[in-house]
Amino acid sequence: MTKFLLLFFQWLLLVALAPSVSWFIKRMKAASQNRRGPTLVQVYADLIKLFPKEMVVSQTASWIFHVMPFILLASTFVVAALVPVLWTDSFLGFTGDIIVFVYLLGLGRFFLALAALDTGTTFGGMGSSREMALSSLGELALLLAFFSLGVYAHAFSFAGIMTHFAAHGPMEVLFFTNLAFGAILIVTLAETARIPVDNPATHLELTMIHEAMILEYSGKYLALIEWSHQIKQLVFLSLLANLFLPWGIFNVPTTTALGWSVLVYLVKIFFLAFVVGWIEIHSAKLRLFRVPDLFAIAFVLAILSLLGQLMFRG
Amino acid sequence: MSSESIVHLVHFLGMLLLITSLGIIASPLLSACIRFYAMHSFLLSLITLAIAYNHHLWHLGISALLTFLLKVIAIPQIFFAISRKIGVRKEVESYINIPSSLFLAVILIFVSFYVTAGAKTGSALSSWEFLPIAIATVFLGMLVMTTRKKAITQVLGLLLMENGLFLMGITMTFGMPLLVELGILFDVLVGIIMMGIFIFKIRSAFEGIDVDDMTVLKG
Amino acid sequence: MEFLLFGQIVFYLAGAILPFILKDGGVINRWTHISAIAGGLIGVVYSLAVLVTGQGFSFAAPGLPFVGNLSLVVDPLSAFFIFVISFLSVPATIFAIRYIQEFQDKKRIAFLGFFYNLFILAMILVVCVHNAFYFLVFWEIMSLASYFLVVFEHEKIQARRAGIIYLVMTHIGTAFIAASFWLLAGHAGSFAFADFHLQAATLPPALKNAIFWTVLIGFGTKAGIIPLHIWLPEAHPQAPSHVSALMSGVMIKTAVYALIRFFLSFVGEVPLWWGVVILSLAIISAVLGILYALMERDLKRLLAFSSIENIGIILLGFGMTLIFVATDKPAYASFALIATLFHVLNHASFKGLLFLGAGAVLSKTHTGNAEELGGLIKRMPWTAVCFLTGAVAISALPPLNGFVSKWMIFCSLLSAHQSQELAVRFFTPILAALLGFAGALAATCFVKAFGICFLGEPRSEQARHAVEVSPSMQWAMGLLAGSCLGFALLAPWIVSILQKVSGTLIEADTPIPNFTFNGLFITLADFGQISPLVFGWMLSGAILILFAALAIFANRKVMLAPSWACGLPGLTARMQYTATGYSKPIRRIFSFLYQPTRQVELEDEGHEILRTAQRFESKTTHVFDEWIYRPLAKCMLFVSKKAKLMQTGHIQLYLSYIFITLIVLLVYWSRL
């Protein structure tokens, strides 16, 4: 029973913390532009204020438009339950591995792309087509990076990989896995719609991918979609934190250990958010057809990671 | 620091070395290429220093210092100065696009690992892994030389090859005699200066340093 | 249970002969298809019985003297394939009854019924006959019957052209298959499969390799492996949609059945490089198949290319089976074989569903071109739901069946990480990543297919006036959609049955390490477990909770308004993304493969500034057609033209050919 509560707490932490990561990156970007940026309360208020609002729905839209936010948020919730946060185990850890993770995210993306086409606008088609094309390339690099980690750890579930890394010294872990880290970081930038792949703060036709797909959404549906996007971002950062910096994970269910691991987790997450923000500030958005070059780099890093596992470990 | 962790550190630096050489291939901007080369040489000097510390070979320390001064500071500055004076375009022009050159680079890295797979069992050295990395660096230097159009980037490829050979010398034989090292470095410096002079001359004669234009120089 | 098999055969034969006895088109349509449905249902029943109990049955009829008996053996493997064939044939035939109605006035309904029943019967017999000669006979009947079905609308030139390409390619394949059987029979001394199996261990290596190549080319042509695939995207779209469903869903799987039989029963020890060759061909088919599917605007051609991709996925599983057999890991080989068979079943269900959906759209809008469709979700709601289910299943998204079998194939690829061979350890993760890539592209393709055809505004008058199809067609599609969900939820049970099937082919002394399946889960330790049931519960639970929460706490008012048009007076249907435009990013990224050409013609009637008309044409090259087959065909035509010189028409020349041959033979014999 306590285990169940702990795992549920882990999931709840993830889901509730998600908007604050966006807040942190927004504050960073604002600071670099000599602005003040939103407060922490503002980011949560932005989500909550959408619920009492009336929605405007396109006449062309069908039931897919109405169903999509639920499917997207539900699949993101399930993914959040799959990812190890404070413990090597997770709520659904008994039933998941890398492939389940990637394909559950794919389910949400599939319906997101469909709902974009549902409204019959050009923006929707544009966002949908770009998103599906680029995410296919990203999935290739992501899967290969994860598989190289799995080959190293002889286990293909997150729990297995984390346990294996936690048992080895920092230098060794970093040596073998920094390439995969680079690959997954690049794909994270793409999946969370950050510069240099996509600009999350624009509504210009030339530069939108993710925003173009949800242009027609308003009110409570928009709140669901935004929240699920933030949760996805935190899930990726959690994976990066826990797979590549696997220290501070608690094994003994005492309150001090729990508190300590929450603290370490927060430090790791905000450190990675800092890295993402730093990259966002210092890069320019790539031309659409230069983004595959970025994915090529991610793919090469992943292949080298795999090669490294086999060459150096025999 | 224990010897064990220095060995791990050196391996880690070796991986970074590969990444920076890939960075030279993957960068579309000339200034980024030059910076990656500076980073590559910096890592090289760090590795030299680590091996010097581990095996107490102090002439390697002097090598490391010289490498640092020459290749991390002097040569990149010369490159930047030349590219400013000539006004060469900021972008690196090449015959094949970036993903294809990355793909070729990966294949060359495979080949270098495959070719040296037999050396693993024969060598008693703990740092056998640097042989494939060094050969890979040489191959990547060759790739840069053959696929880039501008003369300045071709010289960069040549320097990358030289870095690879230096790495091989350091890790396989723990450094050549100091005199030989000095001679090589001096050669490199003179070569760069001469390259600079020639590029000016080529440019003033042909109004451009695109080697494509030089293809008209045939019988 | 033999009488059930006979019953099935009788029903199909009746369905084939009835059209010539009855007179009225409507009556023929109804009864020939009801006969086929009955046959299909019987097939489902007895094949399930064999699968569940594990007890097969056999029957031998006296045959021709030299060739051997006509032995029909329904062992678990045959029963599985009979199940797949019968299972898909039932909804396809139910669908056909109304679908064919538009052809009823023409006299050809009789021939359609005849060839249709013959086609299904031939497929059933192909997978249970155990004699090489009769196998070839039924194989040929299957190919010919499907040929006549492909050219059903023979007034269209594309149908005739597709028929010719199909006929040529399938006969090339049959030639290679015959060669392989000849080699095997020569070694074993008879045509019976039982003798092949007995003599398997004594095959010399050179003969084995020859058999490998002939089998691969021969059955690969039927399966649609790249580069032998060129007939598939031509032939499958031309046939009537329910026939396309069967061709894509089960006919190409008969080739997979044959490959399994050959490589696991007839040849004894399998060398490692066979698995490597099959894996290479499989991944090329998977990736290239879906890349070409993305470029298609015609719904049925898109589905045909997607079948090529799925054959690639099936063969990935089979290649891993061979690799594990060659490296002596029978437990993992069994797992890979289960994954392969499961994907065969799943692909039949969702590809059949998609083709029936395409047929429904075709019958109501009379166009299969995505550029002329749109907005069908409001006009054909049930078809849309079924097509969406098929699209989600084929993109391998949880919790439907495509995900389960694809997960198993991923697992079989990744379990090779413990192998001794360095190359195997290195390339299997790369293959697995490429498989994931193909899957992501498949999702893109089906978002495009469903989104452009069903969502948004109608792009033509025909699409605007479409209506929902008749109830029987809806039932047929609904049955298959339900099976997509059903196979996912029943996955652990299906896997346990498939383990019995693979047990007959691969002797696994030890069970697969840590591979268990109970009511909820399929588990492979090291990896994880999946349970489509659990995912289904969690997803639907989360959706319901969210829905309830929003219904209580959020504003429920909704205002309808036109879509945002950037301030312009209004969006027209032409402002939407087209199917071609949707795949443009992929076309640009992979332009080295597609070699796209573009032609723009401008007309200006002498004004020089004002253009009166503009014509844009963009094509992608199908490299295999253009660079391999077209030159090959030209070469053959050239050689035939030269050979024509022999035929001058003069009797004296022909007589002199005979005389010269006689003289040469006499000289040769005299010297012996």
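I count two residues as in contact if their C-beta atoms, placed from the backbone, lie within 7 Å. All entries below concern a predicted model.

**Entry 1. Chain pairs**

I first looked up which chains touch. Two pairs of chains touch, and the most contacts are between chains A and C. Chains B and C do not touch, and I noted 10 Å between their nearest C-alpha atoms.

**Entry 2. Chain A**

I then turned to the build of chain A. I found 11 helices and one strand in this chain. Read from the N terminus, the order is α-α-β-α-α-α-α-α-α-α-α-α. The C-alpha trace of chain A spans about 60 × 45 × 40 Å along its principal axes. I compared the radius of gyration with the globule rule: a compact globule of 314 residues would have a value near 20 Å, and the 19 Å of chain A agrees with this. Buried residues account for 61% of the 314 residues in chain A. Among contacts in chain A with a separation of 6 or more, I recorded that 79% join residues 24 or more positions apart.

**Entry 3. The contact of chains A and C**

I listed the residues on both sides. Chain C gives 67 residues to this contact and chain A gives 68. On the side of chain C that touches chain A, the elements that each supply at least two residues are α14 (376-379), α16 (401-414), α17 (422-454), β5 (528-530), α21 (532-553), β6 (558-561) and α23 (584-589). Helix α17(C) has the largest share of that side, with 17 residues. By residue class, I noted that the side of chain C comprises 49 nonpolar, 12 polar and six charged residues.

I also looked for strand pairing across the two chains. Strand β1 (residues 55-58) of chain A runs parallel to β6(C), and four bridges join the two. A:Val56 has C:Met559 as its bridge partner in β6(C).

**Entry 4. The contact of chains A and B**

I repeated the listing for chain B. Here 15 residues come from chain B and 17 residues from chain A. Helices α1 (3-26) and α4 (98-115) of chain B each contribute at least two residues to the side of chain B that touches chain A. I found that α1(B) has the largest share of that side, with nine residues. The residues on this side of chain B are 11 nonpolar, three polar and one charged.

**Entry 5. The nonpolar core**

I looked up the largest nonpolar core and found 409 residues in it; A:Ala141 and C:Leu316 have the most contacts inside this core. I then followed C:Leu316. Leaving aside residues up to four places away in sequence, C:Leu316 touches C:Leu279, C:Ala282, C:Ile283, C:Ala286, C:Ile409, C:Leu413, C:Leu431 and C:Leu435.

β7(C) pairs with strand β8 (residues 613-619) of chain C in the antiparallel sense, over seven bridges. In this pairing I located C:Arg598 opposite C:Ser618 of β8(C).

Notes. Residues numbered from 1 in each chain as written. Chains lettered and ligands numbered in written order. Predicted model: local features only at pLDDT ≥ 70, side-chain atom pairs only at ≥ 80, totals over all residues. Pairing = 2+ DSSP bridges. Nonpolar A, V, L, I, M, F, W, Y, C, P; charged D, E, K, R; others polar. Core = buried A, V, L, I, M, F, W, Y, C linked by C-beta atoms within 7 Å. Buried ≥ 20, exposed ≤ 12 C-beta atoms within 10 Å, placed from the backbone. Rg over C-alpha atoms; globule rule 2.2 N^0.38 Å.
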